[in-house]
Amino acid sequence: MTSEARVADVLREHPVIDGHNDLPIAFYELCDYDLDAHDLAGSVPELHTDLPRLRAGHVGAQFWSLWVPQDEHAVRRTFEQLDFVLRFVERFPDDLQLASSADDVDAAIKAGRIASLMGMEGGHSIGESLGVLRVMRELGVRYMTLTHNNNVSWADSATDEPVLGGLNDFGEQVVREMNRIGMLVDLSHVSADTMRHALRITSAPAIFSHSSSRAICNVPRNVPDDVLETLAANDGVCMVTFVPYFVSQAYVDWLDGMHALAKERGLEGKEHRKEIEELYGVPRPDITLADVVKHVEHIREVAGIDHMGVGGDYDGCPEFPVELPDVSSYPVLFGALADRGWSDEDLGKLAGGNILRVLRAADDVAA
């Protein structure tokens with residue numbers, strides 16, 4: 001049997017459960033959430049995601065990201081994103097089914113539908129209110145990323161100046177309340193000290209919905225090895241992302257060189273990008289499938305096969321590795337891993353088995 005046929009068999013038995021897709025904000029930016037403007041049951045080339053490509057990618061369940069800017073309207077806008085997901089699922093009942101538990105996911109897949117889960121991307125979406133957190137969970141939101149790119153008052157972000165050195169007392173309350181109500185603690189985007197702090201106090205397995213390995217690509221958004229080891233002890237999962245800036249050290253170094261030149265010449269800003277590339281004169285490195293495979297195999301080596309998943313972050317950034325351009329691409333990654341000797345069992349764990357275990361464990365803690 002060819003690896004392509006073998007992977008197709010594995011993914012039919014264990015469909016991909018992806019941890020993070022930014023279709024809601026991308027669809028808002030494309031057409032203000034107007035489901036009549038672009039038919040997601042057909043081809044929507046402006047996006048990385050539509051229903052035919054999800055089917056081609058053997059996606060059995062998707063965590064739709066609820067991300068909004070960090071401003072005074074964040075709570076309202078998060079509810080609008082949630083409303084979009086509900087309307088999207090309602091629009092395509094033959095293809096999509098709302099889910100908030102592992103049993104819901106199993107039922108949707110068995111019915112031939114794509115299970116649709118939701119995760120809030122950033123603690124700013126609750127407006128410092130445990131009441132809002134509880135309501136979000138009641139409405140089906142299954143995880144919350146503690147921060148996005150900026151700190152919140154109760155937790156430090158990976159890409160902001162540290163203030164707390166982790167969580168403050170209210171941040172600890174948030175994590176404990178998430179455990180109590182069965183909402184997964186998502187540590188993508190948080191500082192390494194926040195990762196360590198949250199893992200010390202959580203009583204349920206935590207996740208990284210879309211992060212890769214800092215040992216392979218040294219950026220603050222990725223996960224240090226000591227945290228991966230702690231995550232394994234916590235029985236959580238790190239869902240490997242495909243974002244170029246998080247997977248390719250060569251690309252990071254190239255972009256950092258460009259930014260330094262732009263600052264030196266006073267040409268910062270997107271409008272000067274082409275000019276700076278010409279001045280810099282160093283070809284942009286390709287970001288490839290091989291870069292992603294390095295992360296997957298390193299995380300397997302450090303955390304173990306039971307503590308991994310995939311969180312592509314499609315529609316969350318403009319470009320992806322050349323062989324992984326959109327949500328139809330998951331079989332390409334799994335084929336590469338099969339060619340490197342991964343067993344069917346291990347491919348199934350990576351595809352979705354591990355995150356289903358974590359969902360069940362979080363429900364057990366809440367119960």
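1. A charge counts as sitting over a ring if NZ of Lys or CZ of Arg is within 6 Å of the ring centre and within 35 degrees of the ring normal. Here, R300 lies over the face of W342, at 4.5 Å from the ring centre.

2. A word on the model before going further. This is a predicted model, where local features need pLDDT of at least 70 and side-chain atom pairs count only at pLDDT 80 or more, while totals for chains, interfaces and linings use all residues. Residues are numbered from 1 along each chain as its sequence is written, and side-chain values use heavy atoms, with hydrogens and water left out.

3. Let's turn to the interior. A nonpolar core is a set of buried Ala, Val, Leu, Ile, Met, Phe, Trp, Tyr and Cys residues joined through side-chain atoms within 4.5 Å; buried means under 20% relative accessible area, with a 1.4 Å probe and protein chains only. The largest such core holds 100 residues, and F88, M144, L146, L187, L333 and F334 touch the most other members. Helix α11 (residues 249-265) gives this core its largest share, seven residues. Helices are DSSP runs of H or I with at least four residues, strands are runs of E with at least two, and both are numbered from the N terminus. A second, separate core has 19 residues, including F63, A99, L356 and V358.

4. Rings of Phe, Tyr and Trp (its six-membered ring) pair if their centres lie within 6.5 Å; planes under 30 degrees apart count as stacked, over 60 as edge-to-face and the rest as tilted. The whole structure has 14 aromatic pairs. In one of them, F63 and Y143 are tilted, at 5.3 Å centre to centre and 35 degrees between the planes. Since F63 lies in strand β2 (residues 59-66) and Y143 in strand β5 (residues 141-145), the pair ties together parts 80 residues apart in sequence. Both F63 and Y143 are buried. Elsewhere on the list, F27, Y28, Y33, W64, F84, F88 and F92 form one aromatic cluster.

5. Next, find T78 in helix α4 (residues 74-91). T78 counts as buried because its relative accessibility is 0%. Its side chain joins that of S125 in a polar contact of 2.8 Å (a pair of N or O atoms within 3.5 Å; within protein, one must be able to donate a hydrogen and the other to accept it, and residues adjacent in sequence count only if both atoms are side-chain atoms).

6. Finally, L96 sits in strand β3 (residues 96-98) and is buried, with a relative accessible area of 3%.

Definitions and conventions
Buried < 20%, exposed > 50% of the residue type's maximum accessible area, 1.4 Å probe, protein only.
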